[in-house]
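Dear colleague,

Please find below the structure that I am handing over to you.

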Amino acid sequence: MKKISITTLGCKTNQFESEAILDQFIKHGYVLCELIENPDIVIINTCCVTNRAEYKSRYAIRRALKNISPGGKVVVAGCYVNKGSSFFEENRKRLLLFQNDQKHEIFHHIEKSEDSPQDFLELSTDSYYLHTRVPVKVQDGCNFFCAYCILPYVRGKPVSRPIRSIIEQVNSLAENGVKEMILTGINLGLYGFDIENFNLLYLLKEIVKTDIKQIRLSSIEPMFFNDEMIDFIASQKKICPHFHIPLQSGSDSVLAKMNRKYSTLEFNKIIQNVKSAIPDAAIGCDVIVGFPDETDEEFGKTYDFIDNLPISYLHVFRYSPRKFTKASEMEWNLSGTVSKKRMQSLQKLGLNKKNEYSKYLIEKKVPLKAVLETKQKEYWTSVSDHYVKIFLKDEYNIAENGMLKNVVAKDFKTDSDGLIAEECSHD
Ligand code: SF4
């Protein structure tokens, strides 16, 4: 039996695509294994969204080259391949490279299978080997061209997956016992823009009719949260009250330079609207520090703006220039020490926000829903519908991976980053 291992960097769209690629191999008799077990095929699904993502991709490739069985193949796919790198030139003879729009051909190429390869957007799977909460890709590409972002260049223009194919996959996941799906795309809010009379809200309305128990939205750009969308989500118990809404800067001058499509005033209004419709909602933001050439004043505005937002967590990134992008042509003189300090102070602020939100969930006894993922000693861990990590005691070993539990958070877990929860009987 041939062995395969897969490493995925980056976003949920990549995670979905890894599941779909893996499914083709497993259905043809391959077994999933760890890298140290010397696989016959190793797949690295790469990311190039930051310098660090590229570094991690190269690291994973080097590890794969060390561990591959004699005669085995190391496959490198995804955004970093689209971007290109001298690293690939240096290792050209030892790697098989596939761009994003060739991912569906990987199995066919390696096995020279008679099966004709699927259409890219139909790269789908009703199986899941790597996730308990399963990503479902519904959209690819972006044409927003934010000044710092490489994705429009490596993922191409926006395209939506046909609804029939999405619903078939969701039905099949539900039949196979999957409780939570994560709706993903490169710019998810653009879903349906290439289909007449269709959009993300219509898609959500169709998905809630299926038997899937829990639907989570991955990152959505702020301008897609209109009142109709917020009201619908607020009315649906199946949709997690968790929203990841990229902010990127709390300074209007930086937002304009970034070619973002909203002001801080508009962003604040959207967050307030979400919070007033769903008061317990978890809201997370992304922010970039050190965008060329962010001044102390601009950074100060970002800090104060975030400090006043009712959010529950923050992902902080340090700007690094990406090939092809507008920002890579801008003057960029900010010292690494300054941007590091800014990053650290926002990370601290983010941690405070997270703690405040966790405290709120405990004190208000907010009902949570949690799909059990892994067991660590006597605790099951899970990322709950409100996007807090919870630990649920199971000393008698009666729970199972993938079960959906109604719980309530009781306390902080002091030796770890999460909350201790207990089962309860809300619906
Ligand atoms: S919306 Fe902006 S940040 Fe997001 S993928 Fe498109 S260009 Fe990149």
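The notes below cover the origin of the model, its domains, the ligand site, a helix pair and a sheet.

The model is predicted; local features need pLDDT of at least 70 and side-chain atom pairs count only at pLDDT 80 or more, whereas totals for chains, interfaces and linings use all residues. Residues are numbered from 1 along each chain as its sequence is written.

Domains. The protein is divided into domain 1 (3-118) and domain 2 (367-423), with bounds that come from an automatic or database domain assignment. Taken over C-alpha atoms, the centres of the two domains are 33 Å apart.

Ligand site. Around the ligand are Cys-142, Phe-144, Phe-145, Cys-146, Cys-149, Leu-151, Pro-152, Ile-186, Asn-187 and Glu-221; a residue is included if its C-beta atom, placed from the backbone, lies within 6 Å of the molecule. This shell comprises 8 nonpolar, 1 polar and 1 charged residues. Here Ala, Val, Leu, Ile, Met, Phe, Trp, Tyr, Cys and Pro count as nonpolar, Asp, Glu, Lys and Arg as charged, and the others, Gly among them, as polar.

Helix pair. Helices (H or I, at least four residues) and strands (E, at least two) are DSSP runs, numbered from the N terminus. The axes of helix H7 (residues 163-175) and helix H8 (residues 200-207) come within 11 Å and cross at roughly 35 degrees. Axes are lines fitted to C-alpha atoms, for helices over the stretch in contact, and angles run from 0 to 180 degrees between N-to-C directions. Ile-163, Ile-166, Ile-167 and Val-170 of H7 meet Leu-203, Glu-206 and Ile-207 of H8, where contact requires C-beta atoms, placed from the backbone, within 7 Å. Of these contact residues, 6 are nonpolar, none is polar and 1 is charged.

Sheet. An open sheet of 6 strands has the order S13-S17-S18-S16-S15-S14 and mixed pairing; two strands pair if DSSP finds at least two bridges between them. Its edge strands, each pairing on one side only, are S13 (367-371) and S14 (374-376). From one strand to the next, the twist averages 45 degrees.

Strand S16 (residues 389-393) pairs with S18 in the parallel sense over 3 bridges, and Ile-390 has Leu-419 as its bridge partner. Helix H13 (residues 336-363) lies across S17 and S18, at about 110 degrees to S17.

Yours sincerely

Note on methods:
Two residues are in contact if their C-beta atoms, placed from the backbone, lie within 7 Å.
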